[in-house]
Amino acid sequence: MRIQVTGEAFTDEIEVTTGEQARTVMVSAGLVSSVNGQTGDITGLATVDGVDAAAQDAVGEHVAADDPHGDRAHADETLQAHVTASDPHGDRAAAAADATAKVAAHTSATDPHGDRAYADGKFLPKAGGTLTGPLNGPGTFAVAADGGVTTPSLTLPATATTVSKSLVITAPTGAVAYVVWRAPKACTVTAVRGYRAGGTGTTVNAQKNASDLLATDLSLSTAATWLSGPSVQNASFAAGDSLTVAIRSVTGAPTAVTIQVDLQGV
């Protein structure tokens with residue numbers, strides 16, 4: 001008997017002689033006799049290209065799916081619950097208490113920014129205070145305990161407020177003097193001026209108490225014109241000092257003479 005398997009090379013026939021007629025059995029089978037325990041003809045095996053295309057189709061369907069793993073809805077619910085929770089991390093209450101404590105400590109601290117000592121040494125508090133001096137100013141002066149300037153010879157700047165004290169003397173016939181003002185505080189005389197109406201000449205001056213403010217009497221040589229005296233002496237007034245204006249001489253018959261004294265710091 002000879003057994004022939006299709007797909008295999010032919011081998012030498014084996015004949016068994018037993019005195020009977022020999023038989024040949026023909027068997028046809030594929031190279032694989034079984035797959036996963038299944039026998040029979042094997043058909044429908046896929047090609048590599050077919051497997052690759054099928055795999056790509058499956059990936060595309062997975063990516064395009066609304067919830068491919070079936071867990072997206074659960075994740076959305078979990079995220080929403082985290083966002084709306086009053087203290088999702090369990091530390092909000094502790095943080096609030098810590099912040100409150102730090103703000104309270106900062107507010108009650110004597111010098112939270114470390115600059116209060118510097119400011120106290122340079123500025124008066126908002127509620128006010130006492131200047132102790134000496135102070136730098138337009139002149140050299142000191143401040144007393146009552147807040148008054150202790151140095152009467154305070155030099156004031158040109159922009160300080162200027163006031164004028166004056167007197168009109170009508171129809172003067174000779175020398176005459178009048179006390180016109182008492183200084184309420186320390187101040188400085190800056191000028192002595194005169195104006196004559198009528199007559200031919202007049203000389204004038206002014207005084208602090210009994211001291212002349214002009215070293216030389218001012219001559220009103222031109223009528224109807226304001227004239228200023230030479231440099232002022234004895235210019236510093238203290239509180240209580242008296243200002244006097246005086247006509248020293250008259251020629252002709254003036255109808256009126258005006259004497260004016262300008263002061264700063266009043």
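The exercises below, with worked solutions, concern side-chain packing and pairing in a predicted model.

**Exercise 1.** Classify the aromatic pair found in the search of the whole structure.

*Solution.* A pair of aromatic rings is described by the distance of the centres and the angle of the planes. Here the rings belong to Tyr195 and Trp226, with centres 5.3 Å apart and planes at 50°. Planes under 30 degrees apart count as stacked and those over 60 as edge-to-face, so the pair is tilted. Tyr195 lies in strand E9, and Trp226 in the loop between strands E12 and E13, 31 residues apart.

**Exercise 2.** State whether Asp262 and Arg193, which form a salt bridge, are each buried, partly exposed or exposed.

*Solution.* Their closest N and O atoms are 2.7 Å apart. The cut-off for buried is under 20% relative accessible area. Asp262, at 7%, is therefore buried. Arg193, at 28%, counts as partly exposed. The bridge links strand E16, which holds Asp262, to strand E9, which holds Arg193, across 69 residues.

**Exercise 3.** Find the salt-bridge network that contains Arg248.

*Solution.* Start with the bridge from Arg248 to Asp217, where the closest N and O atoms are 3.1 Å apart. Arg248 is in strand E15, while Asp217 is in the loop between E11 and E12. Shared partners then join Asp212, Asp217 and Arg248 into one network.

How values were computed: Residues are numbered from 1 along each chain as its sequence is written. This is a predicted model: local features need pLDDT of at least 70, side-chain atom pairs count only at pLDDT 80 or more; totals for chains, interfaces and linings use all residues. Side-chain values use heavy atoms; hydrogens and water are left out. Rings of Phe, Tyr and Trp (its six-membered ring) pair if their centres lie within 6.5 Å; planes under 30 degrees apart count as stacked, over 60 as edge-to-face and the rest as tilted. Helices (H or I, at least four residues) and strands (E, at least two) are DSSP runs, numbered from the N terminus. A salt bridge is a side-chain nitrogen of Lys or Arg within 4 Å of a carboxyl oxygen of Asp or Glu. Buried means under 20% relative accessible area, exposed over 50%, partly exposed in between (1.4 Å probe, protein chains only).
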